[in-house]
Amino acid sequence: MNNSIVEGILEIPQVRIGLLNFAISVLDKTKDFLIELREKENSKLLELEKSKSLIA
């Protein structure tokens, strides 16, 4: 694709807003995924600590 065509498309405010909205939605989904992953890891850690305390 020609760079001037891309530059011309990116000069359209609605296109820039659409791209920003898309980027924000991707970041939101990434954040949700990472939060869920953190919660799962915390749960695993708690289970490990519980099992260690039962053994001790």
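View 1. F33, L34 and L37 together make a nonpolar surface patch of about 290 Å². Patches take residues with over 30% relative accessible area and no salt bridge, joining nonpolar side chains (Val, Leu, Ile, Met, Phe, Trp, Tyr) within 5 Å and like charges within 9 Å. A salt bridge here means a side-chain nitrogen of Lys or Arg within 4 Å of a carboxyl oxygen of Asp or Glu. Areas come from the Shrake-Rupley method with a 1.4 Å probe. This is a predicted model: local features need pLDDT of at least 70, side-chain atom pairs count only at pLDDT 80 or more, and totals for chains, interfaces and linings use all residues. Residues are numbered from 1 along each chain as its sequence is written, and side-chain values use heavy atoms, with hydrogens and water left out.

**View 2. L34 in its helix.** L34 sits in helix α2 (residues 13-55); helices are DSSP runs of H or I, at least four residues, numbered from the N terminus. Its relative accessibility is 47%, so L34 counts as partly exposed (buried is under 20%, exposed over 50%, partly exposed in between).

**View 3. I24, and the way to I55.** I24 also has its place in helix α2. With a relative accessible area of 47%, I24 is partly exposed. From I24 to I55 it's 31 residues in sequence and 47 Å in space, C-alpha to C-alpha.

**View 4. The chain around these spots.** The C-alpha trace spans about 70 × 20 × 10 Å along its principal axes. Buried residues make up 0% of the 56 residues.

Key:
Buried < 20%, exposed > 50% of the residue type's maximum accessible area, 1.4 Å probe, protein only. Helix = DSSP H or I, 4+ residues; strand = E, 2+ residues; numbered from the N terminus.
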